[in-house]
Amino acid sequence: MTRTTPAFLANVRQLAEGKSAREVATGLLVRNAMVLILLVVICYFAYRSARFATLDNVTTILIAAAPFALIALGQTLVILTGGIDLSVGSVIAVSAMSAAWTAVRVPDQLWLAPVVATGVGLLAGAVNGLLVSRFSVPPFVATLGMLTAASGFAYAIGNGAPINGVPDGYGAFANTEVLGMKIPVLLMIVGFATFWFVLRHTTFGLRIYAIGGNSSAAALAGVPTERTRVWVYLISGGLAGVSGLMISSRVISGSPTLGQGYELDAIAAVVIGGASLFGGRGTVWGTLLGLMLIQTLNNGLQILVIPPYWQAVIKGALIAAAVAIDVWATRRTRS
């Protein structure tokens, strides 16, 4: 039985319009350029190392990708509105420190740790959202300020030191398996499915695209732009809080340096996935592809024992090349 996917129907339609099989095949390759790049990278590392293409290593990639996935999903919403959230890395750190501090102070009430971590993230996101929407502070400036403040709070909670001596039960938040998967991996899958549905099938998703496409026109059309922006930054902050809990639970400690630089990989994943930094264009599927490309590169380069400084150079060059190819493919598809 043949599956009637949108891509398949598009190809049938092109053949019916008189295009040659070669033109249809070229169009198919162009539309799926990012998928092909990811497959090429996977095949290369699988060829170079037998360890790469194992179930254990795939599981390792998924577990490592989960915290990035949560903040990348939040970043997707923010970027679709034409904004940017630079604070998620520091929000991860302050949420992780708050959760670890709570677990040490009340070890018999461990359920408070996720509540505190998520609450801290939501608070940071709400402040970002209010600064951007109500006080018209540029997103870059508002979230840069939050980045600095949250980093300072993270150090202040531990008096400049990591928080150790966390109860062993604290590790259950990240290391427990549900339906055969670690909780962070399950959250990542649920998160992508939920955000895909929200952006494609809800009024909230349509409002996000409308604001990113033309904020003034959206406001004239009755879209509550300020409220929607607050929600978007609130969600981004809340997901950063959950991500902070997952990371600190995995290492059973809190550190003010957790999440350092994560915001850059999250933004890179969204942009690599085809989202426009000017807003209005991007998909959850694209973010997933961008995230998997970055995590595959990280994992593959570590397996090949490439020195960290060369890892940064190679990763940066490949990310730039992937984005350039995707931009070229998008323009060719539109033409």
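Is Phe 45 buried or exposed in this structure? Phe 45 is buried, since its relative accessible area is 4%, which falls under the 20% that marks a buried residue. The model is a predicted one, and the points below should be read with that in mind.

1. Overall make-up. The protein has 335 residues, and buried ones make up 47% of them. Taking contacts between residues at least 6 apart in sequence, 76% join residues at least 24 apart. The protein exposes about 16600 Å², and carbon and sulfur atoms supply 67% of that area.

2. Aromatic pairs. The count of aromatic pairs comes to 5. One of them joins Phe 45 to Phe 52 in a tilted arrangement, with 5.6 Å from centre to centre and 40° between the planes. Phe 52 counts as buried because its relative accessibility is 5%, and Phe 45, with a relative accessible area of 4%, is buried as well. Another pair, Tyr 170 with Phe 173, is edge-to-face, at 5.9 Å centre to centre and 85° between the planes. Besides these pairs, Tyr 44, Phe 45 and Phe 52 form one aromatic cluster.

3. The largest nonpolar core. This core has 73 residues, and the members that touch the most others are Tyr 170, Met 188, Leu 245, Leu 291 and Leu 293. Helix H4, which covers residues 55–80, gives the largest share of the core, namely 13 residues. A second, separate core holds 6 residues, including Ile 79, Ile 84, Ile 267 and Ala 275. As a general background, nonpolar side chains tend to be buried together in soluble globular proteins.

4. Tyr 170 in its surroundings. Tyr 170 is buried, because its relative accessible area is 0%. Once residues up to four places away in sequence are set aside, Tyr 170 touches Ala 96, Ala 99, Ala 100, Ala 103, Leu 110, Ala 113, Leu 245, Ser 248, Ser 249 and Ile 252. Of these contacts, Leu 245 is also among the residues that touch the most other members of the largest nonpolar core.

5. Ile 92 and a link across the sequence. Ile 92 lies in helix H5, residues 88–105, and it is buried because its relative accessible area is 0%. Apart from neighbours within four places in sequence, Ile 92 is in contact with Ile 71, Ala 240, Ser 243, Gly 244, Ile 247, Leu 258, Gly 259 and Tyr 262.

6. Thr 287 belongs to helix H14, residues 284–303, and counts as buried because its relative accessible area is 0%. With residues up to four places away in sequence left out, Thr 287 touches Ala 72, Thr 76, Phe 192, Ala 269, Val 270 and Gly 273. Thr 225 is in helix H12, residues 225–251, and is buried at 13% relative accessibility. The contacts of Thr 225, leaving aside neighbours within four places in sequence, are with Ile 211, Ser 215, Ala 218 and Ala 219.

7. The salt bridge. The structure holds 1 salt bridge, formed by Glu 226 with Arg 134, whose closest N and O atoms are 3.0 Å apart. The pair links distant parts of the chain, given that Glu 226 is in helix H12 and Arg 134 is in the loop between helix H6 (112–133) and helix H7 (139–157), 92 residues apart. Glu 226 is partly exposed, because its relative accessible area is 38%, whereas Arg 134 is exposed, at 51%. In general, side chains of opposite charge can pair when their charged atoms come close.

8. Tyr 309, Trp 310, Val 313, Ile 314 and Leu 318 make a nonpolar surface patch of about 500 Å². Val 313, one of these residues, is found in helix H15, residues 308–334. Because its relative accessibility is 47%, Val 313 counts as partly exposed.

Terms used. Residues are numbered from 1 along each chain as its sequence is written. This is a predicted model: local features need pLDDT of at least 70, side-chain atom pairs count only at pLDDT 80 or more; totals for chains, interfaces and linings use all residues. Side-chain values use heavy atoms; hydrogens and water are left out. Helices (H or I, at least four residues) and strands (E, at least two) are DSSP runs, numbered from the N terminus. Buried means under 20% relative accessible area, exposed over 50%, partly exposed in between (1.4 Å probe, protein chains only). Contact means heavy atoms within 4.5 Å. Patches are made of residues with over 30% relative accessible area and no salt bridge: like charges are joined within 9 Å, nonpolar side chains (Val, Leu, Ile, Met, Phe, Trp, Tyr) within 5 Å. Accessible areas come from the Shrake-Rupley method with a 1.4 Å probe; for residues, only the protein chains shown count as cover. A salt bridge is a side-chain nitrogen of Lys or Arg within 4 Å of a carboxyl oxygen of Asp or Glu. Rings of Phe, Tyr and Trp (its six-membered ring) pair if their centres lie within 6.5 Å; planes under 30 degrees apart count as stacked, over 60 as edge-to-face and the rest as tilted. A nonpolar core is a set of buried Ala, Val, Leu, Ile, Met, Phe, Trp, Tyr and Cys residues joined through side-chain atoms within 4.5 Å.
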